[in-house]
Each structure stands twice: as C-alpha cells, then as structure tokens.
Amino acid sequence: MSAPAMGTSKTAHSDSSNKRKKGPGTLAIAYLVIYNVVMTAGWLVIAVGLVRAYLARGSYHGLYYSIEKPLKFFQTGALLEILHCAVGIVPSSVVLTGFQVMSRVFLTWAVTHSVREVQSEDSVLLFVAAWTVTEIIRYSFYTFSLLNHLPYLIKWARYTFFIVLYPMGVSGELLTIYAALPYVQKTGLYSITLPNKYNFSFDYHTFLILIMISYIPLFPQLYFHMMRQRKKVLGHMEEYSKVE
C-alpha cells in the first residue's frame, strides 16, 4: 500500500540522544535539494505527459502508455529515499519509508509491468494520477523545507490533498491487482511449483490476494495517522482563522 509519506514525528529524547542527532551537513542538504528538485521535475513531466496525451486522444483510456517510461524511472528512483533514511541524512523511519516505497515499486514492476493486460485498465490511471499529484506536492514540500522557505499553500496541500488522493490511489492499486489475478493464475507468473531441487513452492496468485487483504488493517491505520498529523500541523492555523 502506498500511503503518501507524511514524515516521522519528532519525539523528545534525552540530552545525550539530542546531541547525537545532528542535522545533515551542507553537502547532504545540497544533495537532498538536488534530488528533490529532480524528482519534482520528473513527476511534473509525468503530469504534463498525461495531460498532453489526453488532449491528443480526447480520451483517458490507455494513457499509461504515454508515461510508462518516466513513471518506471522516477518511481524506481524513490528507492534512494530508503538509503537516505538508512545513512541518517533524513530523520525518518527506514521501515516505514521502505514499506511505502517498496509497495509502489512492487505495483509498478511486479504487477503493472509484468501483467501487460492490465496496463489499459482505468484503475492504472487512477493510481498513477493520485501518485503524480501526491509526489509533485511531496517533493516540492521537501525542497522548500530544506531551503527554509516553505510556502503555506504547499504545506496546506501536503496535509490536505491526501484526504482524497490516498483513497483514490489505494482504490486504483487494489483494482489493478484484482484485474491482474486471472492472468497471473492462467500463466503461472512468478509461481514456483513442486517438484524442484529446492523443494520449495510459491504461488504468486495467492501472494497477490494476501497483498490485497493486507490493505484492510493497514489502510485505516495509515489514513487516520495522517489525519492526526494534519490536525497537529494545520489545526492551530485553522483555529486562528476561525477567530479572525
């Protein structure tokens, strides 16, 4: 499941822990700014590609093919975010970041790329559109935050658009996996049957069903976590506006 990463909340630690936690150095910040600018630009390319293809065709069917290559490239490029957390230049959970990134990479390569029959499904456009808007906002947010010049509009969008985009993306992901099931079962894609020299079997069809079931407990937890983050970050501003 690909929740829009909201960032890890900072909790109070002991003085010794605070001393160990130093912000990224100048070179690390410069690298992160470049990385986030490139990723923002990449997802903007995807957005423009979708709009141009729609205007040219006059239909939203099959738009995936117009942005397939940049989608694969920039979504795979998000794997670097796991490394950023692992080496400590980004203070987020390696496990949470890894889960969020790998779920999207999995859907990009192990489902949409591998099962070509689903690429024309409307559900693919549903999650691609949700990802695209989410990532443009997210990487813009990171870029301006690193530069210490975060516009309120981007901050508001970061903690508001997910209310619609997250359910939209999850719906697209689930429908796409569901559409892939008959083809996976028919072809035996990525499945390993017995007997074999390793005495090991794997049913990819069943694995995809388990992936879908995992959304049931995970989606509400992540969604309401983000709602709490929104209230924490924007709540006081909204209350102030009501007073005014």
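Reader: At what angle do H3 and H6 pack, and how far apart are their axes?

Author: This is a predicted model, and in it the two helices pack at an angle of about 50°, with the axes of H3 and H6 12 Å apart.

Reader: Why are H3 and H6 called oblique to each other?

Author: Roughly parallel takes an angle under 35 degrees, and roughly perpendicular runs from 65 to 115. The angle here is about 50°, so H3 and H6 count as oblique. As for handedness, H3 passes H6 in a left-handed crossing. On the H3 side the contact is made by Tyr 64, Ile 67, Leu 71 and Gln 75, and on the H6 side by Val 124, Val 128 and Trp 131.

Reader: How do you know that the span of H3 agrees with its number of residues?

Author: Helix H3 covers residues 64-77, which is 14 residues. The expected span is 1.5 Å times one less than the number of residues, so H3 should span 20 Å. Its end C-alpha atoms are 18 Å apart, and that agrees.

Reader: Where is the kink in H3 centred?

Author: On Pro 70, where the kink is about 40°.

Reader: Which residues of H3 are buried, and what covers them?

Author: Buried means under 20% relative accessible area. In H3 the buried residues are Tyr 64, Ile 67, Glu 68, Leu 71, Lys 72, Phe 74, Gln 75 and Gly 77. Their cover includes helix H2 (26-57), helix H4 (80-87), helix H5 (94-113) and helix H6 (122-146).

Reader: Let's turn to the loops. What makes Asn 148 count as exposed?

Author: The cut-off for exposed is over 50%. Asn 148 has a relative accessible area of 67%, so it is exposed. This residue is found in the loop between H6 and helix H7 (152-158).

Reader: What makes the bond between Leu 194 and Pro 195 a cis peptide bond?

Author: Look at omega: for the cis peptide bond that joins Leu 194 and Pro 195 it is about 0°. Most peptide bonds are trans. Pro 195 lies in the loop between helix H8 (162-187) and helix H9 (204-243).

Notes
Residues are numbered from 1 along each chain as its sequence is written. This is a predicted model: local features need pLDDT of at least 70, side-chain atom pairs count only at pLDDT 80 or more; totals for chains, interfaces and linings use all residues. Side-chain values use heavy atoms; hydrogens and water are left out. Helices (H or I, at least four residues) and strands (E, at least two) are DSSP runs, numbered from the N terminus. The bend at a residue is the angle between axes fitted to the seven residues ending there and the seven starting there. Buried means under 20% relative accessible area, exposed over 50%, partly exposed in between (1.4 Å probe, protein chains only). Contact means heavy atoms within 4.5 Å. Axes are lines fitted to C-alpha atoms, for helices over the stretch in contact, and angles run from 0 to 180 degrees between N-to-C directions. Angles under 35 degrees count as roughly parallel, over 145 as roughly antiparallel, 65 to 115 as roughly perpendicular and the rest as oblique. A crossing is left-handed if the near helix is turned anticlockwise from the far one by less than a right angle, and right-handed if clockwise.
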